[in-house]
Amino acid sequence: MKLSQHRAPIMEALQQYQEARVVPFDVPGHKHGRGNKELADFLGETCLHHDVNSMKPLDNLCHPVSVIHEAEELAAEAFGAKHAFLLVNGTTSAVQAMVMTACKAGEKIIMPRNVHRSAINALILSGAVPIYVNPGVQVDLGIPLGMALDEVRRAIVDHPDAKAILINNPTYYGICSNLQAITELAHAHGMLVLVDEAHGTHFYFNDKLPASAMSVGADMASISMHKSGGSLTQSSFLLINNDVSEGYTRQIINLTQTTSGSYLLMSSLDISRKNLALYGQEIFDKVIKMAQYTRDEVNQIGGYYAYSKELINGDTVYDFDESKLSIHTRQMGLAGIEVYDILRDEYDIQIEFGDVANILAYISVGDRTLDLERLVAALAEINRRYKKDPSSLFDHEYINPEIVQSPQQAFYADKEIVLLAESAGRVASEFVMCYPPGIPIVAPGERITNEIIEYINYCKDKGCFLTGTEDSNVNYINVVKEDV
Amino acid sequence: MNLWFTEDHSPYARFSFRVEEHLYTATSEFQKIDVFQTTEFGRILTLDGYVMVTEKDEFIYHDMIVHVPMATNPSIQKVLVIGAGDGGTVRELTRYPSIKKIDMVEIDEQVVKVCQEFLPQTAAQLTDPRVTLYFEDGLKFVRQQENAYDLIIVDSTDPFGPGEGLFTKEFYGNCYKALNEQGILVNQHESPFYAEDARGMQRAHKSIMGFFPVSKVYQAHIPTYPSGHWLFGLASKKYDPIEDLDSDAWNALGLQTKYYNTKLHVGSFALPNYVKELLIHAK
C-alpha cells in the first residue's frame, strides 16, 4: 500500500500505544512521567507520555522495519530522494555519515574551507584527507561565498583520485553555489556529490527558492529539519540518491548514533515532514514575504545593508535564499557581533548570530508582524544611538589556510600547549572558531599565522564566543610537537 | 436573565458586570472585539476579553492622560496619539483651540469603526478636521518621525497582544526621536497592584528613564481597571510636570472637567510608598 503524505506513521503509532494503556515494565524509568513529577509538570504530561523506548509496535531506529521505515519512505518521497534516514543526533551526525560513507581513511574529499566544524570533525573520525577549494569572498561584506566552478574543476583535475566533493549549500548567509553544474562535473569524474544542506530544508517545498541537492541529482544531503523545517532541536534527515547503498549508509550511521532513538525527536520529524509536504508552498511564501518586507525596511534605516539577489554573479553567488535576513552592519561602524549583543542585552531580541561584519536574523513561519516591527525599530535605534566611524573595523574575514597535515593526523599527533599569542608558525592540533556560526578560523593540521592570531584577538575583543580549544578561555592552543 | 461579563484581574481575582445586551462581537485581524450594554457602567468595549473603556468611568482616564501634559505645557500644538481607538483621548485634545494637528495611529481600524457606531460618547470627535487617522503599527509609524511633535500620548492596551511593541525600549527610544526639544511623552503605565501588571509597569518605567531627563509617574483611580489603582508615565525633554505647571493659563481656558483640576494635578504625582518602592527597584 502506498502511504500518503497526510499520514504520520510514528505519531499514529504513539497515539495507539497511549490508547492501549500498556503497562510499562521497560525503560525509560520515569514511566510516562509518573516517576518524575517535577519533570512532567515542567515539560507537560503529554510530552513524557510519548517519551518511550523502541518496541515492536513502535519499530527500532537502528533497524527500521515498520513505522519508522514508513516514516523514512514518506520523507524520501517528500524530498525526492531514494531513501531518507531519521537522525536524532543533529545534522552534525548527518554530515559525518555522508563523509564516512563516501570516504575511507586516507581517501580524498574536495570541500570548501568555510564548512561547519562537523565536516572537519568527520575527517578527524574517518581519516579522510581534505582538498580545500577556496570559496569566493565578498570583500565589502566580509563573507565567504560559494565555490567557483573553475576552482572545483582545477581541484578535480589536480586530484582525480578524490572520492567525493562536499558542498555547503546554502551558506549560513543564504549564498548558493552552482549546484547543478558542480554535480554534473563531479559525476563526470566519478565522484560522489555530498551536500551539507543544513540551511536548505525549505528549498524542497517552495518553487521560488534555489535548487535543492536532490533536484540536481546529488548523491547525499544533510537536512536540518529542526532549522527551517520546524521539528525539535537535534532532529535531522540524511537523504541518499543514485547508487549510494541504503544498507551501508545505515551501518555507518549506526557506528555513532544512539540505540535509544528519542520518539519525541522522531515524531517531530514525522509531523514536520507531513506539514511541509502539505503546506510548504504557502508557509515559505509567507516567510519569503516577511523576510523581504523586513529587508526593505532595514535598508531604509541607513547604515545597514540587508542583501539579497542583487549579489548574484553567475558563479560564486549562483543564487540567493530570499528567506534569509542577513544584514551587513560595518558601514555603521559596528561589528555584527556588537549589534547582536546590543539587541539581546538592551532590547530583549535574540538573533541567530553576529560575526565581525554581519548579523543574521532567522525568519520563520512562527514570526508575527509585530515582532518584525520590533526588530526593525530596535535596529533603527541602534543606528541612532551607537553608530560610529567605520574605518577602524577589520575588513576581511576569510583567511586562506596552509594545510600541513590531515585533520586526523594533527588531532592525534603528539602535541604541546603554547600561548596562542606565541603560536605563529606552528601547526594547530585543534580548532579555533566563533560559535555561531561554527566555521573554523583555524583547524587541526593548519599552520597558524600572525594574521590568524590577530583575527582571533579581534573576534575576542568584539565579544565573539570563541570555542574549539581545550583551554576554555582560548588563551592557549594545542599544537603539533615538532621534532627536536 | 442572569448574564454577566467577567474579566480576570489576576489569576485569582475577578471583576464582573451585569450584562443587559451583547451588542457586538467580531474578531478582527488583530483581536476579538466586543461591546456590551451593562447595567452599572453603560456600554463597555472589550478587546480579547479585557475591558478597554466604559461609558461610566472613561472620563477619569481621558482627563488624566490629556490634561496633565496640556497643563504642563499649554502651548502644545502638534500631538501624536498612539492607540486610543475609542477616541476618548482625541475628544479631550480637540477641546484645546491651540492644538493645530492631531495624528492618531491605531493598528486596528475595526476598533475605531465599532466605537464610532456603538460609543459615540468617546468617538464623536474623531471627525474633527485637525485629526488624521493612520491605521498602522504604532512602532512603525513613530520610527519614521523625527523632531515632529510637542506631545506623544501612548494610549495602548496591555503589554501582551497587539500592543506589546508599545512597551518596549525600541518604542520609547523612537518616541524620543519623534519629539522636538520641548517634547513630552505620556503613556498608560499599567497598575502597581497585581504582580503581573506591576512587572509591566516596572519594565516600562525602566525603559523610559533611560532616554528622558524628566521621568515621573502619576496615578488615578479607575474603578474598572484591575485593582482600580492606575498609573501614567510623564517623560519630558524640558518641562517638569510640577515645577512648570501653568495653573493660571490652564484655568483661564475655562475647560469643564469632571475629574481633573490643577490641584489634583500636583497631588497625583504624590505616590504611595509601595509604588515608590517598585519604581526605585525598576532602576
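How many residues of H6(B) are buried? 10 of the 10 are, so helix H6 of chain B is largely enclosed by the rest of the structure. A residue is buried when 20 or more other C-beta atoms lie within 10 Å of its own, exposed at 12 or fewer, and partly exposed in between, with C-beta atoms placed from the backbone.

## Model and numbering

This is a predicted model, in which local features need pLDDT of at least 70, side-chain atom pairs count only at pLDDT 80 or more, and totals for chains, interfaces and linings use all residues. Residues are numbered from 1 along each chain as its sequence is written, while chains are lettered from A and ligands numbered from 1 in the order in which they are written.

## The two chains

Chain A has 14 helices and 20 strands. Helices (H or I, at least four residues) and strands (E, at least two) are DSSP runs, numbered from the N terminus. The C-alpha trace of chain A spans about 65 × 55 × 45 Å along its principal axes. For 484 residues, a compact globule would have a radius of gyration near 23 Å, and chain A agrees with 23 Å. That radius is taken over C-alpha atoms, and the globule rule is 2.2 Å times the number of residues to the power 0.38. Buried residues make up 53% of chain A.

Chain B has 10 helices and 12 strands. Its C-alpha atoms fill a box of roughly 55 × 45 × 35 Å along the principal axes. Buried residues account for 50% of chain B. Among contacts in chain B between residues at least 6 apart in sequence, 68% join residues at least 24 apart. Two residues are in contact if their C-beta atoms, placed from the backbone, lie within 7 Å.

## Where the chains meet

On chain A, 11 residues are in contact with 14 residues of chain B. Helix H11 (336–347) and helix H12 (369–386) of chain A each supply at least two residues of the side that touches chain B. H12(A) gives the most, with 9 residues. By type, this side of chain A divides into 6 nonpolar, no polar and 5 charged residues. Here Ala, Val, Leu, Ile, Met, Phe, Trp, Tyr, Cys and Pro count as nonpolar, Asp, Glu, Lys and Arg as charged, and the others, Gly among them, as polar.

## Strands of chain A

An open sheet of 4 strands in chain A has the order E11-E13-E15-E14, with antiparallel pairing. Strand E11 (305–306) and strand E14 (353–354) stand at the edges, each with a single partner strand, so one side of each is left without a neighbour in the sheet. Strands pair if DSSP finds at least two bridges between them. E13 (325–328) and E15 (358–361) of chain A are joined by 4 bridges. Leu325(A) stands opposite Ala361(A) in E15(A).

Elsewhere, 3 bridges join strand E4 (135–138) to E5 of chain A, and the two run antiparallel. Val137(A) has Pro144(A) in E5(A) as its bridge partner. The hairpin of E4(A) and E5(A) has 4 residues between the strands, and Gly142(A) takes a positive phi near 70° there. Strand E5 (143–147) of chain A is mostly covered, with 5 of its 5 residues buried.

## Nonpolar core

The largest nonpolar core has 224 residues. Such a core is a set of buried Ala, Val, Leu, Ile, Met, Phe, Trp, Tyr and Cys residues joined through C-beta atoms within 7 Å. Val99(A), Ile165(A), Phe237(A), Leu239(A) and Ile152(B) have the most contacts inside it. Helix H10 (263–301) of chain A gives the most to this core, with 11 residues.

## Annotated positions in chain B

An unreviewed UniProt entry lists His62(B), Asp86(B), Asp155(B), Ser156(B), Thr157(B) and Asp158(B) for "binding site". UniProt positions are given in the numbering used here, feature names are shortened, and annotations may be inferred rather than shown by experiment. His62(B) lies in helix H1 (58–72) of chain B. It is buried, with 26 other C-beta atoms within 10 Å.

Asp158(B) is found in the loop between strand E9 (149–155) and helix H6 (169–178) of chain B. With 20 C-beta neighbours inside 10 Å, Asp158(B) counts as buried. Leaving aside neighbours within four places in sequence, its contacts are Tyr50(B), Gly163(B) and Gly200(B).
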